[in-house]
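Reader: I am new to this structure and would like to learn how to read it. Could we take one feature at a time?

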Amino acid sequence: MIAQTRARAGVLAEAWRELGDDVAPLSNEAGLPLARTTRLIVDPLVVRPVRYPHLGRALLDDDAARELRDRVLAARADLVATAAWFVLMKRARRARRITTGHPQDLYFQRAYELAHRHGHPGPDAADVAGKEVDDVHDADRVTGADLRAYLTLPAVAQEVRREIEAAWAEADAHGHPDAARVAALLDACATGGQAELAALVAAGDGSAAGAALRAPGHARDEGLTAHDVVAPPEVGTTASKSALPPPFDRSVLERLFGAVAGLEITGTAGLRRVVDEEARRSARPWQLADEASRAVMTAGSVAARLDGATDAARRLAGRWRREAFVRQALRLPDGSVPADGARTAFVRRLWVRLQGRELRGRDLPAADVWDLLDGVLRSVVLDRRDRVKAALAQDGAR
Amino acid sequence: MTRPVAWRTAVFEGAGALLWWDLGTGEGGEDVWDAARTAGWLDAPRDTMRRVALDAWRAAWWPASRVADVAPLDPRVLCARRAVALAALDGITDDDEAVERALRELAAHEARLGPLEEAAVGPLAARVREVADDHGLAGTAPDAPPRREDLALAAGGTPATGDVLMAGDDRVDPGAVPQGVADPLGRIAWQVGAALTVAVTVPAAPVAGDPEPVVLTAVADGVTVPLHRAGDAWWGEVPAPPALLTSRPVFRLVVPGFAAVPGVDARRLVEIAREVGP
């Protein structure tokens, strides 16, 4: 048994503070990394827990803590240059009067790449940053509207329909998930869970649980469809970002519409690839392509029962208890209890997040599992707050 | 942990911990629910976190009242201040999108009340536009919305005339209604007239700009009186069920879909408001 002695967040905070003022554009008032600095730069590009899972745990032993600190400090020059490039990119954005998209989401990784390629910004840096910004906002990038135009071409629609049919014809996987293995991941994920996730993935429990959803009524119980039996998706001709049907009832267009602009695709070939992948994804268990996604879907669906049976379920239930108090403190009590549709809302939101990760080609390390589950419940909780407010106003306007 | 009394508590939702300040006792505390996540920020100074918490409390509980002479606060200003402070706490808040959420809330208030700049608040407006720009939400400031001055005319009612068979007034419970609905120190005045109708009047909470629409009813044993906002007061009248005359009714306010926050002390709210200031 390895002694787990230090919180990762604390180690990271200390190391970050050692970097000093030169990374201020990536830091908050307290000198800590911004949420997106951690999520988009430090974790995926500097610490890389996918490759070094022992650095991804919430609690680190002394050796891992030292290694994490060393990695961050070793990246000092890159991070300082990234901060400088980010400032230049924001300046270029302002000069071009661009207001779309979150600058951190759009530029952080690009700024890091520039830092890697060019080091600290030199004399021609303003031009370089300007070109980079132009590239991000390239008008040739595929948008949701382009996707719709593409999918509504009769020949394309027909071809995609054929692909969906072919993919669904060879739908595979069966068996039963092992409840003990699922529970083991839920017990471990808040503090680790690497071995437990690997065991689930190796055994294919996620696929087995996903395949079981094909039995009449099962997917509806999870909130993933309004129908008794799940049908293959339509190609689709319309999509709005609000009022979407449950995930399994969404057309290919609806599944891709919101995300496609962020995928930085240019040209029909790229579009075609994304659509093909979605057609195939829809036929797989849980309608997800990766076994790790399916494993997390399976575990999430169990944890969302909030039954106190596992550590994760207890932690999630704790969020609901806090929420009851916070709602009163914010004068927003609606008297609802977690059981009121929260489980299915959770499962739907989790699916959307996992599908989104697959679209963007992001790995799913064990270190991300708990943050993902907790983040999904947070979204469900905050959505409910907004809904209470909206419902009060709407009733009054009637 | 024992949590403080919700209605007089300012809360900040941090990553891994809920910080709270009981404005009634001056006590502060924290409910750490994920210690690993709080490492790095829990020991940092809490001034900005307290500011965020106080502005959220003001938005929820500030007891604007004609009776107690407490002026309403502008929700745009509260929202803008919160957005700016939350941006300084990026990486520390439980919700990674807290700034965007506050900015969207601000935009909704602006759509209803007009641009923040109209509230003339010095550097705050410029700063919040900067924050919006930094978060990709730098939409153009909205046009001033159409005024709805005809509202008061449309909803105006006349008090029951003639003989009064029975009358009384009951306490407004601020915990039973959302912010900006009823004067927390007002009374629910009711009377049963000779025509056997019961009429109810409740002073409205003063608000900045037009009030947000809400369904409000006054409820006593066996009778529900839908109320309509007419200027400074809510008013409604329905036939009085005979049973109403057999004992003195006690009216309370009910907003459908809103579960009352128990134990709210309106006088204490006003005292706290005077202590913490606008």
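## Reading the model feature by feature

Author: Asp69(B) counts as exposed, because it has 10 C-beta neighbours inside 10 Å. This is a predicted model, and Asp69(B) lies in the loop between helix H2 (47-61) and H3 of chain B. Phi of Asp69(B) is near 60°, a positive value in a residue other than glycine.

Reader: Where is Trp286(A) found, and is Trp286(A) buried or exposed?

Author: Trp286(A) is found in the loop between helix H14 (267-281) and H15 of chain A. Trp286(A) counts as buried, because it has 32 C-beta neighbours inside 10 Å. Its phi is positive, about 60°, although Trp286(A) is not a glycine.

Reader: How should I read a residue such as Leu332(A), and what is Leu332(A) in contact with, leaving aside its neighbours within four places in sequence?

Author: Start with its place, which is the loop between H16 and helix H17 (342-359) of chain A. Leu332(A) is buried, because 21 other C-beta atoms lie within 10 Å, and the cut-off for buried is 20 or more. Leaving aside neighbours within four places in sequence, Leu332(A) is in contact with Arg327(A), Arg385(A), Val388(A) and Lys389(A). As for Asp249(A), it is 83 residues from Leu332(A) along the chain, and the two C-alpha atoms are separated by 32 Å.

Reader: What is Trp85(A) in contact with, leaving aside its neighbours within four places in sequence?

Author: With those neighbours left aside, the contacts of Trp85(A) are Ala111(A), Leu114(A), Ala115(A), Pro121(A) and Ala129(A).

Reader: How do I read a pair of packed helices?

Author: Take the distance between the axes, then the angle, then the residues that meet. In chain B, the axes of helix H3 (residues 75-88) and helix H4 (residues 98-113) come within 9 Å and cross at roughly 160°. H3(B) and H4(B) are therefore roughly antiparallel to each other, since angles over 145 degrees count as such. H3(B) passes H4(B) in a left-handed crossing. Among the residues that make the contact are Cys79(B), Ala83(B) and Leu86(B) of H3(B), and Ala102(B), Leu106(B) and His109(B) of H4(B). By class, this contact of H3(B) with H4(B) has 12 nonpolar, 1 polar and 4 charged residues.

Reader: At what angle do the axes of helix H15 (residues 291-303) of chain A and H17(A) cross?

Author: They cross at roughly 165°, and the axes come within 10 Å. H15(A) and H17(A) are therefore roughly antiparallel to each other, and their crossing is right-handed. The residues in contact include Val296(A) and Met297(A) of H15(A), with Phe346(A), Leu350(A) and Trp351(A) of H17(A). The contact of H15(A) with H17(A) divides into 7 nonpolar, 3 polar and 1 charged.

Reader: What about helix H5 (residues 103-118) and helix H6 (residues 125-136) of chain A?

Author: These two pack at an angle of about 140°, with their axes 11 Å apart. That makes H5(A) oblique to H6(A). H5(A) passes H6(A) in a right-handed crossing. Leu106(A), Tyr107(A), Arg110(A), Leu114(A) and His118(A) in H5(A) meet Val128(A), Glu132(A) and Val136(A) in H6(A).

Reader: How many residues does the contact take from chain A and from chain B?

Author: It takes 40 residues from chain A and 44 residues from chain B. On the chain A side, the elements that give two or more residues are helix H1 (8-19), helix H2 (35-47), helix H16 (311-329) and H18. H18(A) gives the most to that side, with 8 residues. The residues of the chain A side divide into 22 nonpolar, 11 polar and 7 charged.

Reader: How would I summarise chain B as a whole?

Author: List its elements, its extent and its burial. Chain B has 7 helices and 10 strands, and its C-alpha atoms fill a box of roughly 70 × 45 × 30 Å along the principal axes. Of its 278 residues, 46% count as buried.

How values were computed. Residues numbered from 1 in each chain as written. Chains lettered and ligands numbered in written order. Predicted model: local features only at pLDDT ≥ 70, side-chain atom pairs only at ≥ 80, totals over all residues. Contact = placed C-beta atoms within 7 Å. Axes fitted to C-alpha atoms, helices over the stretch in contact; angles between N-to-C directions. Helix = DSSP H or I, 4+ residues; strand = E, 2+ residues; numbered from the N terminus. Parallel < 35°, antiparallel > 145°, perpendicular 65-115°, else oblique. Left-handed = near helix turned anticlockwise from the far one by under 90°. Nonpolar A, V, L, I, M, F, W, Y, C, P; charged D, E, K, R; others polar. Buried ≥ 20, exposed ≤ 12 C-beta atoms within 10 Å, placed from the backbone.
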